[in-house]
Amino acid sequence: MAAELRATSDEELRRCLEGALTEVEAGAPRVVGLKRRPFAYETSFAIDELRVDLDGGEELDLLVKDIGAGLSDAAAAAKPSRAIDPRREIAVYRHLLRPSGVPAPRFYGAAEGGADGRAWLFLERVPGEVLTDIGEPETWRATARWAAQLGAAVAADRDPTLDRLLLHRDRDWHEHWIGAAAAACGDSDQAGLASRLRQAGPALLNRLDDLPRAFVHGELYASNVIVQQRVGEQAQVKPVDWEMAGTAPFALDLAALLSGWAGEERRAMCEAFRAALPGERAISAADLLAAATLCELALALQWLGWSSGWQPPAEHRRDWAAEAERLLEEADL
């Protein structure tokens with residue numbers, strides 16, 4: 001996994017970081033000291049934690065993420081080729097998140113190119129807790145509000161080159177995963193679900209097509225949300241791992257956040273999301289719940305259709321076949 005980063009000397013990494021800092025701020029201070037160690041929470045990508053000393057006396061706590069060669073072979077084989085593009089996350093930080101001021105880890109530049117296809121992303125190491133470990137309902141509602149506001153925050157006209165890098169969850173995308181999920185179930189004791197998916201597929205595609213679209217994080221599960229709490233200030237939500245960012249039905253990020261929730265807390269998160277939507281996206285509570293159910297179903301089918309030779313990270317594993325059955329019922333499909 002991503003041996004290129006781990007095989008790089010500290011001196012070469014220091015030079016790359018200096019170049020990245022200069023990209024973000026002309027005349028940036030020189031890096032006079034650098035200590036590194038593997039980041040404890042890396043998953044599919046190699047990530048190193050950096051303690052950086054600048055010649056002005058400032059210290060930075062950063063992460064460097066190798067998104068050029070970081071996916072395991074099995075994970076890469078499981079995804080459609082258009083889902084894998086190391087330039088995407090760099091471009092999202094550089095051209096969307098940083099200019100718009102969307103709460104996210106601060107971008108400290110990137111090192112790209114070379115014969116080896118290097119793609120390193122330098123980011124703020126956000127001090128805080130993972131949302132998964134936070135039981136306070138208001139923090140989850142704050143994350144739902146963040147998700148509702150994201151699309152409007154980056155809604156300005158995008159450069160066509162950037163738009164081509166984003167992952168567009170369109171009709172073809174959803175059709176692929178419906179078919180993959182049906183195929184995954186067809187040779188098991190879930191053949192009944194496979195048949196139902198093939199029958200319900202056209203109606204599901206039409207209903208997903210009818211939903212308004214927005215820019216989304218793409219995998220807004222609680223494990224990808226860091227909550228930063230400073231003394232005397234409100235907690236700030238800073239989602240990480242933007243490699244699947246792009247356009248999708250507007251409730252997709254809400255659907256990921258709702259995963260595993262039911263009852264009053266689920267309704268409260270939906271209401272927080274609805275209240276934070278821009279005026280032109282006004283929607284009734286019932287229609288939002290229906291949209292979230294459709295998007296939850298789309299996500300469940302994506303995970304269900306993932307390659308049988310690869311398992312998603314532990315925090316994303318569930319009985320997706322059972323989820324699909326339940327959500328098909330809820331969506332009346």
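The expected span is 1.5 Å times one less than the number of residues, and helices are DSSP runs of H or I with at least four residues, numbered from the N terminus. The model is predicted: local features need pLDDT of at least 70, side-chain atom pairs count only at pLDDT 80 or more, and totals for chains, interfaces and linings use all residues. Residues are numbered from 1 along each chain as its sequence is written, and side-chain values use heavy atoms, without hydrogens and water.

Of the 21 residues of α11, 16 are buried, that is, under 20% relative accessible area with a 1.4 Å probe and protein chains only. Cys295 is buried, at a relative accessible area of 0%.

Helix α10 (residues 263-276) packs against α11 (residues 285-305) at an angle of about 110°, with the axes 10 Å apart. Axes are lines fitted to C-alpha atoms over the stretch in contact, and angles run from 0 to 180 degrees between N-to-C directions. The two helices are therefore roughly perpendicular, a term for angles of 65 to 115 degrees. Cys270 is buried, with a relative accessible area of 4%.

Asp253 lies in helix α9 (residues 252-258) and counts as buried at 2% relative accessibility. Beyond its neighbours within four places in sequence, Asp253 contacts Ala147, Leu150, Val216, His217, Gly218, Glu219 and Leu220.

Methods
Angles under 35 degrees count as roughly parallel, over 145 as roughly antiparallel, 65 to 115 as roughly perpendicular and the rest as oblique. Buried means under 20% relative accessible area, exposed over 50%, partly exposed in between (1.4 Å probe, protein chains only). Contact means heavy atoms within 4.5 Å.
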